[in-house]
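Subject: Structure handover

Hi,

Here is the structure I said I would pass on.

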Amino acid sequence: MFDYNSHSHRRYNPLTRCWILVSPHRNKRPWQGQQEKPNPEVRPQYDPQCYLCPGNKRAHGDVNPKYTSTFMFPNDFAAVQDDQPSTDDAQEDDLLRIQSARGECHVICFSPRHDLTMAEMTTDDIKKIIQQWTEAYREMSTKDFINYVQIFENKGSAMGCSNPHPHGQMWCLERVPGEPQREFDSLLAYRETHNGHCLLCDYTKRELQEKERVVIENDTFVCVVPFWAVWPFEVLVLPKKHVASLPKLTLEQQNGLADMLRRITCRYDNLFECPFPYSMGIHQAPVRDNHDYAHLHLHFYPPLLRSATVRKFLVGFEMLGEPQRDITAEQAAEQLRGCSEVHYKHL
């Protein structure tokens with residue numbers, strides 16, 4: 001009899017309309033490949049050499065204020081610029097095409113403390129981050145050349161983070177990037193073929209009914225290892241009621257999201273008792289016009305697979321064929337459910 005916890009199979013991601021290969025039997029294979037260096041992560045509360053700490057000088061000479069909460073500033077090495085000329089988008093070329101890419105990039109420091117990640121922050125302090133994200137989204141909606149705001153965090157050197165001071169980024173662009181656009185296309189297509197239903201609303205209800213992939217939930221949000229997860233301990237954070245963007249959240253929902261972020265990041269750190277690396281990003285409606293089909297959600301993509309030193313790589317077949325994972329989403333959710341919400345440093 002077929003057993004999806006033992007036999008290879010494919011799973012479909014309706015958000016991206018792509019397939020993933022699941023090979024649970026491969027999790028038993030011996031590992032003699034690359035291992036990450038253990039990171040003891042002993043950092044001071046303040047680092048005089050850190051260009052994100054309060055009162056310190058940044059790369060271009062600007063001095064940070066002695067901030068006491070969140071702090072947002074323009075990225076000194078922005079990937080896009082707001083003062084460049086436009087390209088000729090009307091040029092016809094089926095092979096070599098160019099579009100202008102105006103925009104702004106900002107850095108958001110989560111806390112003045114150099115050593116304090118979300119996993120150890122209080123819910124109230126994380127709520128301040130959410131409020132900063134929301135305020136920034138509203139501000140970007142007033143700029144006529146900004147159409148989409150991508151908020152994200154890269155935590156840890158394994159995810160390419162260039163500075164250990166806990167912070168995220170916000171790239172504000174004139175065009176919707178490819179990944180959220182694929183999701184918008186899927187959300188619209190699903191609504192048109194399912195009597196006006198929202199794909200992520202229906203998916204959230206299904207997960208809450210089955211429970212097998214639910215890691216944690218509260219009154220307003222749920223955190224699941226998605227059925228179609230690519231990364232070993234990938235999670236998807238979803239509001240229980242349809243909401244398109246951060247400014248649409250009620251105060252109760254803001255509190256619920258802050259609670260969810262604290263709890264899942266703490267569980268992440270406790271899984272292998274290490275500062276758990278990940279890339280986290282928020283997908284939400286573009287900043288202008290009506291996009292009621294959009295459904296706010298947060299993706300967490302962590303690379304660790306078996307321990308604090310063994311990570312997953314997307315190479316070979318996964319680059320040339322399709323993504324593949326070893327442990328199932330259900331097995332990953334079970335492991336995360338077994339983690340404490342008291343940080344291992346404080347036990």
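First, some housekeeping. This is a predicted model, where local features need pLDDT of at least 70, side-chain atom pairs count only at pLDDT 80 or more, and totals for chains, interfaces and linings use all residues. Residues are numbered from 1 along each chain as its sequence is written, and side-chain values use heavy atoms, with hydrogens and water left out.

Let's start with helix H1 (123-140). Helices here are DSSP runs of H or I with at least four residues, strands are runs of E with at least two, and both are numbered from the N terminus. H1 has 18 residues and spans 26 Å between its first and last C-alpha, close to the 26 Å expected at 1.5 Å a residue (the expected span is 1.5 Å times one less than the number of residues). Its buried residues include Ile126, Ile130, Trp133 and Tyr137; buried means under 20% relative accessible area, exposed over 50% and partly exposed in between, with a 1.4 Å probe and protein chains only. Among the elements covering the buried residues of H1 are strand S3 (71-74), strand S5 (148-155) and helix H4 (251-272).

Is Asp115 buried or exposed? It counts as buried, at 17% relative accessibility. Its side chain makes a polar contact with the side chain of Arg113 at 2.9 Å. (A polar contact is a pair of N or O atoms within 3.5 Å; within protein, one must be able to donate a hydrogen and the other to accept it, and residues adjacent in sequence count only if both atoms are side-chain atoms.) Leaving aside neighbours within four places in sequence, Asp115 is in contact (heavy atoms within 4.5 Å) with Arg43, Pro44, Gln45 and Glu120.

Now the helix pairs. The axes of H4 and helix H6 (residues 329-337) come within 9 Å and cross at roughly 95 degrees. Axes are lines fitted to C-alpha atoms, for helices over the stretch in contact, and angles run from 0 to 180 degrees between N-to-C directions. H4 and H6 are therefore roughly perpendicular to each other; angles under 35 degrees count as roughly parallel, over 145 as roughly antiparallel, 65 to 115 as roughly perpendicular and the rest as oblique. On the H4 side, Arg267, Tyr268 and Leu271 make the contact, and on the H6 side Gln335, Leu336 and Arg337 do.

H2 and H3 pack at about 80 degrees with their axes 8 Å apart, so this pair is roughly perpendicular too. Ser186, Leu187 and Tyr190 of H2 meet Leu199, Leu200 and Asp202 of H3.

The loop between helix H2 (178-193) and helix H3 (199-210) holds Asn195. Its phi is near 55 degrees, a positive value in a residue other than glycine, and Asn195 is exposed at 77% relative accessible area. Asp289, in the loop between S10 and strand S11 (297-301), has a phi near 70 degrees, again positive in a residue other than glycine. Asp289 counts as exposed, at 71%.

Last one: Asp94, in the loop between S3 and S4, is exposed at 76%. Its C-alpha is separated by 37 Å from that of His9, 85 residues apart along the chain.

Cheers
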